[in-house]
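This briefing goes through one protein model, topic by topic. The sequence and structure come first, and the notes follow.

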Amino acid sequence: MASSFRHRVLSASLLLCAVAFTCVSGGLGPITTNGQNYSKVCDPARFAAMGLQMGGFRYCDASLPYPDRARDLVGRLKLEEKVRNLGDRAEGAARVGLPPYRWWGEALHGVSDTGPGGTWFGDVVPGATSFPLVINSAASFNETLWRAIGGAVSTEIRAMYNLGHAELTYWSPNINVVRDPRWGRASETPGEDPFLVGRYAVSFVRAMQDIHEYDGAPATGADPFSRPIKVEERDMIETFERPFEMCVRDGDASCVMCSYNRINGVPACADARLLTETVRDAWQLHGYIVSDCDSVRVMVRDAKWLGYNGVEATAAAMKAGLDLDCGMFWEGAQDFFTAFGLDAVRQGKLRESEVDNALKNLYVVLMRLGFFDGIPELESLGASDVCTEEHKELAADGARQGMVLIKNDHGRLPLKAANSVALVGLLQHINASDVMLGDYRGKPCRVVTPYDGIKKVANATSLHACDKGACGAPGGWVKTVDATIVVAGLNMSVEKEGNDREDLLLPWNQTNWINAVAEASPSPIVLVIISAGGVDISFAQNNSKIGAIVWAGYPGEEGGTAIADVLFGKYNPGGRLPLTWYKNKYISKIPMTSMALRPVADKGYPGRTYKFYGGPEVLYPFGHGLSYTSFSYASATTGASVAVKIGTWESCKQLTYKPGTSASPACPAVNVAGHGCQEELVAFQRVFVPAGGAVQVPFTLNVCKAFAIVEETAYTVVPSGVSTVLIGDDALSFSFPVKIELAAA
């Protein structure tokens, strides 16, 4: 069971990785030269096929450091050739042995063929393992699982690269914090808590290994292209940036992606303070920065920022620290760096040395990935390493671990395998061969639907599919079975990128017919919800004839197996909600476009997420999740006292007091008395506890991280005094005090 600490602190991070491998000369690699395929640039046979001597190119000398090799390669390119390699569909330069490369790859929850063709499926590789959506994986609160999934995806990418079906750079995961319950992209993210999001990012990226993507700006509502957003510096540091910082610092991300938005007036992809001062310098990014696709064009076409034309926008973005521009290939639009880079240099708005620096950042990453030299120990990976039984079982286990038991009155679950079952719902949910896979998916190895999974376990299963808007009056069948399972929820037409939700209710009249089925059933029914974001199912929570509710999320290709395993007791659910589920009334109190996380008193806006809102419109809190087992917590720790010595360089400054004031504290640099008490997740761990057994779960908290707060002027400080560590959740927990004393060194 996952134990969770909450308290004053937050951290988070994001990141994704890419992989590399090698094949023999003339094999099936993705580099095509004179009719032959290769898996590495610096192959003597490949150079010979082009009429070149590889020995004359220092960038192919594997004994040299990567920066030196990248400098040699860039130095050989003419300006026109350099510019043609600044976009996601880089053209290469055959004159110096450099092949084309497609940078854009997606691997959010498995290998995806989204993008301009760098990754593709066919006869050799018909599909890849489709794991649960990120929001599901986050609900497991299990870093071991996240690393396992990242490693499996990495292996399948490497195998596909060897076969000529993939490139090496993948822009995943998405680690934007979910700010508003209506946001359509909740399925792609690890939830609303920056520490949870950050730990997911670090685990996934470390497992993937070298390349990743992160979207370096908070997500907004509709019209992301032209809408400027205003964000308080405190919120940026405390919540929106924290996962990305963790991802870069702790996950060692190789790539960061900037968004379309103007943040406080400046486009994210032209913000030198964000891209260079923060991401590259302060966070020490060892890699490249790419635009979200078409972001530079959006500056001109949609935002009309400063009246810039294509040349000026290109120069501004590259000067700010952008290395690679991703264009809108499906619109036939060329990326701006390729289209306007040459003129930007010729008109004196951009220095050629700045172009060189961007290219060096790109090629060093490709060298690390083995694109130039190969990785011999990985060259044996092939088709047999994709869609393995091990990976399919991992997908099923990931779905099981992410299932959340929301309600279980009078032990309605688990069901008995000997039961006869009626399975009711929209066909898209019962036979969810498409819905379960979510967005940014590739072609799955196979799909096990809820119907497939349940009919393998139940003694007898009758299927009753409904059309949108009407399920009809329940027939006599509802009275002839031992249990009725209703599968309901949402799909990607309601919540996905570009589709923010209008409300938090079940669409297509599902509420009415669920209640009708429950009323007709002689025993309490079981409700399974397929969704990413929270749904206002107050009607089900308050209806005694709906005995149990399970949130299944979008559980991926093996989701039907996982649902059946949980419902019939083969697996004891232990997932926790990574999002607050609100009642529908909540969204009438705050517009989606408000970026504030804390309450805005003068506008009557409530706070957002569990950290800043705990009012009556919460249906299920962050971290909510039940089990078939009863647990108890105990600890020998009753309290702790920590003395932290602060050096003068750490801004522990003496203040000037009015005459007559009593003795000042040792370190009174910032007054945080008005900060108030705030819950924050600072640690978690998922463990298996045998029936009747006990498990010791140690936690070590770093005082400067776990007890730090971001005060109102956006400084991160550690407050002196007593803080409380809460272990467990709202239903079952214990706590102990930690006294922190600060003293000047």
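Proline 267 in β9 has arginine 262 standing opposite. The model is predicted. Its secondary structure comes to 21 helices and 24 strands, and of its 745 residues 61% are buried.

- β8 (residues 262-263) pairs with β9 in the antiparallel sense, over 2 bridges.
- These strands belong to an open sheet of 3 strands, in the order β6-β8-β9 and with mixed pairing.
- At the edges of the sheet are β6 (228-229) and β9 (266-267), each of which pairs on one side only.

**Overall contacts**

- Counting contacts between residues at least 6 apart in sequence, 77% join residues at least 24 apart.

**Strands β14 and β15**

- β14 and β15 run parallel and are joined by 5 bridges.
- Within this pairing, leucine 527 of β15 has valine 486 standing opposite.
- β15 is mostly covered, with 6 of its 6 residues buried.
- In a regular strand, side chains alternate between the two faces of the sheet.
- In β15, Ile525, Leu527 and Ile529 point one way, while Val526, Val528 and Ile530 point the other way; all are buried.

**Helix α19**

- α19 spans residues 559-567 and is mostly covered, with 8 of its 9 residues buried.
- The buried residues are Gly559, Gly560, Ala562, Ile563, Ala564, Asp565, Val566 and Leu567.

**Histidine 109**

- Histidine 109 sits in the loop between β5 (101-102) and α4 (134-139).
- Histidine 109 counts as buried because its relative accessibility is 3%, and the cut-off for buried is under 20%.
- Its side chain reaches the backbone oxygen of phenylalanine 131 at 2.8 Å.
- Apart from neighbours within four places in sequence, histidine 109 is in contact with Thr129, Ser130, Phe131, Pro132 and Leu133, and also with Leu437, Asp439, Tyr440 and Arg441.

**Glycine 639**

- Glycine 639 is found in the loop between β18 (618-620) and β19 (640-646).
- Its relative accessible area is 36%, so glycine 639 is partly exposed: the value falls between the cut-offs of 20% and 50%.
- Setting aside neighbours within four places in sequence, glycine 639 is in contact with Phe736 and Pro737.
- The C-alpha atoms of glycine 639 and valine 738 are separated by 5.7 Å, although the two residues are 99 residues apart along the chain.

**Cavities**

- Rolling a probe the size of a water molecule over the atoms shows where empty space is left.
- A search of the whole structure finds 7 cavities of 30 Å³ or more.
- The largest cavity has a volume of about 80 Å³.
- Its lining consists of Val178, Arg179, Asp180, Pro181, Ala186, Glu192, Gly533, Gly534, Leu579, Thr580, Tyr582 and Thr609.
- By class, this lining has 5 nonpolar, 4 polar and 3 charged residues.

Notes: Residues are numbered from 1 along each chain as its sequence is written. This is a predicted model: local features need pLDDT of at least 70, side-chain atom pairs count only at pLDDT 80 or more; totals for chains, interfaces and linings use all residues. Side-chain values use heavy atoms; hydrogens and water are left out. Helices (H or I, at least four residues) and strands (E, at least two) are DSSP runs, numbered from the N terminus. Buried means under 20% relative accessible area, exposed over 50%, partly exposed in between (1.4 Å probe, protein chains only). A polar contact is a pair of N or O atoms within 3.5 Å; within protein, one must be able to donate a hydrogen and the other to accept it, and residues adjacent in sequence count only if both atoms are side-chain atoms. Contact means heavy atoms within 4.5 Å. On a 1 Å grid over the protein atoms alone, a cavity is a set of points where a 1.4 Å probe fits but cannot get out, and a pocket is an open set with protein on both sides within 12 Å along at least five of seven lines; lining residues have an atom within 4 Å of a point. Grid points are joined across faces, edges and corners, and a volume is the space filled by probe spheres set on the points. Ala, Val, Leu, Ile, Met, Phe, Trp, Tyr, Cys and Pro count as nonpolar, Asp, Glu, Lys and Arg as charged, and the others, Gly among them, as polar. Two strands pair if DSSP finds at least two bridges between them.
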